[in-house]
Amino acid sequence: DLSQGISKEQEIAELDKKYYIHPTTVPKTFVEQGPKLVFAEGNGMNVKDVNGDTYIDGVSMLWNVNLGHGNQELAKAAYDQMTNIAYSSSFYGFSNERAVRLAEKIVSLAPGDLNAVYFTSGGSEANETAFKLARFYWSLKGQDKKRKIISVSNGYHGATSAAGTATGIDAFHSFAGSEDTNILNAKAHLTNCEAGDRNDPNYEGSIRDIIEKEGPENVAAVIVEPVQGAGGIHISPDGYLKAVRDLCDEHNVLLISDEVICGFGRTGKMFGVDNWDVVPDFMSLAKGITSGYTQLGGVLMSQEIRDTLVEYDKILGHGFTYSGHPTACAIGLKNLEILERDGLVQNAKNMEVEMKRGFEYLEDKHPHVTKTRALGLLAGFELQQDPSTNTPFDDSVGAAGIVDDECFKRNLILRTADFEKGVNILAIAPPLIVNKEDIDKIFNIIDEALTAFE
Ligand code: PLP
């Protein structure tokens, strides 16, 4: 209420604290402090808040706004579809052209024999669907006991019950009794899917251990991200995904690649697995599929799974109202058209080189910067008290949080990925439209922020 001398920002903050429960936010802090920033507008690499201050979006919001903000072509695709038909069902035999064409397009981009798509509203639903379809596939094959899903530590797969349990980050993994007991989290993450180091005091089992302990006849699928995002920008070491693929084949277990972040160019290839030429049985998709312009997710599946599924002669009891939403699919189609037309997957690969240059500079200049990494435009670095001895900062320091705040004060939005105790990680994942000048700007700000922290 401006007549009482309250700014719009203050007014929204008061209403927000009172009425809006935020996802993945500390509720107590939020109701004390209110929102950090209220977004109002976006254009390309930049967003503005309600006060008119401009920020560089260094993480594409939630690693999803891959074409950047304010894209008129995507908005027009949505408008054209909505004014044509706003919504139509894909249930009970109905269909729509946009969903069919988007499915065809995604299949044309996918590796191997990933030849059919099931649409969802987002990434959690995509993983939930992959888990259900994996179990259903085994049932159709007469193997009703194959129910367990194995995920790995530091993976993030969403927040619904099953996807949340698959998430190997404590806050999501066990949430007030919502766990799915058929989902098991291997602790030896992304380093070794085989035995792991049994002498390591933190060793709690590898994917192989769990398959062998549970019995392969009880295991439906393994899920991994080619590059772990929220869990800390952990890039699969060379050979890892191939080893997981071989392990799955050895035990007749399906492999799900969670490509919700990696998919559609983020890692400099169309899909994350393309970096290692591995073909999974399912791929979960979301985020970059529409560059975040609206909600859409999906599951790609192999020809074998598709062919088994379509022999089923009763109702497939799994569906979402917004599966194959025509507007979402129209945006998705336009988004993929632009991605290809403007060479943005290649741009992500080219900009990886610029990011690595930026990291070299930071590592030389700042004593706490270490473990820098980038695959395409999915990048991160760590802060340690003493990298030469691998000594972390004391948790009370909150190093990543401080540097993140210092960047924010300088109008750069990054994000911390510091769920693991004693680990301070900052993530950088700008829109795929980013150019060299933008990367320079981002690294200059990080440079200043690190100086302020030291
Ligand atoms: N999988 C991965 C790798 C993700 O990063 C996310 C979200 O960040 C999800 C799944 C869940 O997707 P959504 O939030 O759309 O449900």
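This briefing describes the fold of one protein chain, from its overall build down to single residues.

The structure is a predicted model, in which local features need pLDDT of at least 70 and side-chain atom pairs count only at pLDDT 80 or more, while totals for chains, interfaces and linings use all residues. Residues are numbered from 1 along each chain as its sequence is written. The secondary structure of the chain comes to 15 helices and 17 strands; helices (H or I, at least four residues) and strands (E, at least two) are DSSP runs, numbered from the N terminus.

**Overall build**

- A compact globule of 454 residues would have a radius of gyration near 22 Å, and the chain agrees because its value is 22 Å. The radius is taken over C-alpha atoms, and the globule rule is 2.2 Å times the number of residues to the power 0.38.
- Along the principal axes, the C-alpha atoms of the chain fill a box of roughly 65 × 65 × 45 Å.
- Of the 454 residues, 47% count as buried. A residue is buried if 20 or more other C-beta atoms lie within 10 Å of its own, exposed if 12 or fewer, and partly exposed in between, with C-beta atoms placed from the backbone.
- Among contacts between residues at least 6 apart in sequence, 69% join residues at least 24 apart. Two residues are in contact if their C-beta atoms, placed from the backbone, lie within 7 Å.

**Two domains**

- The chain is divided into domain 1 (37-70 + 344-453) and domain 2 (73-341); these bounds come from an automatic or database domain assignment.
- The centres of the two domains, taken over C-alpha atoms, are separated by 27 Å. Domain 1 puts 25 residues into the contact and domain 2 puts in 27 residues.
- On the side of domain 1 that touches domain 2, the elements giving two or more residues are α3 (60-63), α13, β13, β14 and β17. Helix α13 gives the most, with 5 residues.

**The sheet of 7 strands**

- An open sheet of 7 strands runs in the order β4-β12-β11-β10-β7-β5-β6, with mixed pairing. Two strands pair if DSSP finds at least two bridges between them.
- Its edge strands, each pairing on one side only, are β4 (114-120) and β6 (183-186). From one strand to the next, the twist averages 20°.
- Helix α5 (residues 97-109) packs on this sheet and touches β4 and β12 (297-302); the direction of α5 makes about 135° with that of β4. Axes are lines fitted to C-alpha atoms, for helices over the stretch in contact, and angles run from 0 to 180 degrees between N-to-C directions.
- Strands β10 (residues 254-258) and β11 (residues 282-285) run parallel and are joined by 3 bridges. Ile-256 stands opposite Phe-282 in β11.
- Val-117 has its place in strand β4. Val-117 counts as buried because 23 other C-beta atoms lie within 10 Å.
- Val-117 and Val-299 are 182 residues apart in sequence, yet their C-alpha atoms are 5.5 Å apart in space. Beyond its neighbours within four places in sequence, Val-117 is in contact with residues including Ala-103, Ile-106 and Val-299.

**The sheet of 4 strands**

- Another open sheet has 4 strands in the order β1-β2-β3-β15, again with mixed pairing. The edge strands are β1 (39-43) and β15 (412-413).
- Strands β1 and β2 (residues 46-49) pair in the antiparallel sense over 4 bridges. The bridge partner of Gly-42 in β2 is Val-47.

**Helix α13**

- The 22 residues of α13 (residues 344-365) should span 32 Å at 1.5 Å a residue, and the end C-alpha atoms agree because they are 31 Å apart. The expected span is 1.5 Å times one less than the number of residues.
- Among the buried residues of α13 are Leu-344, Ala-348, Met-351 and Met-355. An α-helix has 3.6 residues a turn, so residues three or four places apart point the same way.
- The buried residues of α13 pack against α12 (326-341), β13 (369-375), β14 (378-383), β17 (425-428) and α15 (436-453).

**Two lysines with positive phi**

- Most residues other than glycine have a negative phi.
- Lys-287 has a positive phi near 40° and is found in the loop between β11 and β12. Lys-287 counts as buried because it has 28 C-beta neighbours inside 10 Å.
- Lys-371, in strand β13, has a positive phi of about 50°. Lys-371 counts as partly exposed, with 17 C-beta neighbours inside 10 Å.
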